[in-house]
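Thank you all for coming.

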Amino acid sequence: MRLELRDIRHVYSPGTPFELEALRGVSLAAEPGEVLGIVGGTGSGKSTLIQHMNLLLEPASGNVLVDGVDAATLKKSELRRKVGLVFQFPEAALFAPTVAEDVAFAPRRLSLDEDEIEDRVRDSLSLVRAEHLRERSPFALSGGEQRRVAIAGVLAMGPEVLVLDEPASGLDPAAREDLLRLIRTLKQTGASVVLVSHDTDEVAEVADRICVLERGEVRAIGTPSKVLYENLEFAPATVQTVAALGESDQSIGRPVRFEETLRTLRSLVEG
Amino acid sequence: MSGSVLRILADPGSISCESLTYTYPGAAEPALSGVALEVMAGEYVGVVGPNGGGKSTLLRLLNGLLSADSGKIRVAGRDPDTEPFEVRRRVGMLFQNPENGLVAPFVEDDVAFGLENLGVLREEMRARVREAIRAVGLAGYEQREPHTLSGGEKQRVALAGLLALEPEILLLDEPTSMLDAAGRREVLDRTRRLRGEKTILHVTHHLGELLDADRVLVMNGGRIVADVAPGRLISDADLLAENRLVLPPLARLAAGLGLGSSKLRTPEDLARAIGEKIRRRAGTR
């Protein structure tokens, strides 16, 4: 599925002294099977933007298109099944006595039969590598496990676009690796993933394209090497290192992912 | 009052724990088991380790948010379990999410909020608020509305609110994990300036934030499994791997290129070191 935002404007508290134009005409698309990273500072409009992706917020002007069809004409429930939003600290919404029941909660409201619900619970828990936790209480899990179970709850809705807002925040490095692996797996299933993060290392590792938001506008969008090397303040320290070297040696190129960066520099140092 | 002399003698900035054990209700395994810890006044101590290793539980016991199943615990000379309010007056805790702590419409009200509950005189309150805002580098922000601030600024407002209470001890629970690179630098710069003046326990997943700490505790499985200098920790590959710790990307890059990592802290440092290495190699040809 292709999710496109076309010239989205959003104004908070219009017509009041507190009026704030949070998005000033944002256009971008998440293509099927790609990971689109969105970076930007506080107040850049990241959180407002993702709430337009399934019309939790309605734009002052502009359109959201699902495979070319205006999302406003779709049933809200249909749109929200197709576009799954995982907010920051999603584990705060865990509530059921067991992991399996928690994950089954949303699909159960889709009036599916029990076999289908069970399939979805099993598949989503398997995607996040949490099958072994299914009978446990979500409250007795570690932070990383809780995060994965909460994401499984959204996956069980069968979304075609998954939007993750700061999904690795507060996770230890190992749990963060698990999460990046999950994003790569989801991509292989043909889903699109929109990854919003303040952690540029993370975005550089998995994104196929990166969008830099600034004060409610798209400052840059494109391949990671182009966007990061041309907007160095949003680039990982490793990329900044290569850029600093590249000033005197153009032949280095523009590696982005860690392993690629290490390989490039190694061949340079070892000749 | 009996015991008051001992209290005065007890070092107000110190922390001392023996055989501390705590199990969350309904959990199969203890979150902390047999933890012993001595921190002297003015020390800057980092705490690292995997999620579920016991870091946050330890902080919550130290300021009396949780109460230990067994063991002995003294914070600023007092038992947080029996005197939680006395302890919390002396211990400031900074959390991950800067949004959660901010309550008032203006920065200065927010910073004053804790003081208002302590019955501090108005003039003194004003002076303390002014000083705390200055100490976090936000002079001029007194009348700003917290929701208009960046993440790093919000977290500094929260820190100012703690400093206004003049605590001897600061417990920092991943205070930068929700901030972007600029916000992280701002907050770390301010906490570093408090070094020596306050006793600081700093929990983080970013080893790079602890390179200047006096020592680092590694917690795993509810125990303190190592208590080492930061320089030793980052060069001990086994200790790092056993505790699922990862070096910051820049340090990993430096190590992967055979360059010592502890002194290369910025991209510019590393680029310079790589440049020298390339030139040396070219020179030996």
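When I say that two residues are in contact, I mean that their C-beta atoms, placed from the backbone, lie within 7 Å. What you see is a predicted model, in which local features need pLDDT of at least 70 and side-chain atom pairs count only at pLDDT 80 or more, while totals for chains, interfaces and linings use all residues. Residues are numbered from 1 along each chain as its sequence is written, and chains are lettered from A and ligands numbered from 1 in the order in which they are written.

Let me begin with chain A, which is divided into domain 1 (3-235) and domain 2 (236-271), with bounds that come from an automatic or database domain assignment. The C-alpha centres of these two domains of chain A lie 31 Å apart, and 10 residues of domain 1 are in contact with 8 residues of domain 2. On the domain 1 side, the elements that give two or more residues are α7 (200-206) and α8 (224-230) of chain A; helices here are DSSP runs of H or I with at least four residues, strands are runs of E with at least two, and both are numbered from the N terminus.

Turning to chain B, we find 12 helices and 9 strands. Its radius of gyration, taken over C-alpha atoms, is 21 Å, close to the 19 Å that the globule rule gives for 285 residues, so chain B is as compact as a globular protein of that length; the rule itself is 2.2 Å times the number of residues to the power 0.38. Of those 285 residues, 46% count as buried, meaning that 20 or more other C-beta atoms lie within 10 Å of the residue's own.

How do the chains meet? In chain B, 31 residues are in contact with 32 residues of chain A, and the largest share of the chain B side, 9 residues, comes from α12(B).

Finally, the largest nonpolar core has 141 residues, and those with the most contacts inside it are A:Val194, A:Leu195 and B:Ala160. Such a core is a set of buried Ala, Val, Leu, Ile, Met, Phe, Trp, Tyr and Cys residues joined through C-beta atoms within 7 Å. Both domains of chain A give residues to this core, so it lies between them. Leaving aside residues up to four places away in sequence, A:Leu195 touches several others, among them A:Val35, A:Ile183 and A:Val203.

How values were computed:
Buried ≥ 20, exposed ≤ 12 C-beta atoms within 10 Å, placed from the backbone.
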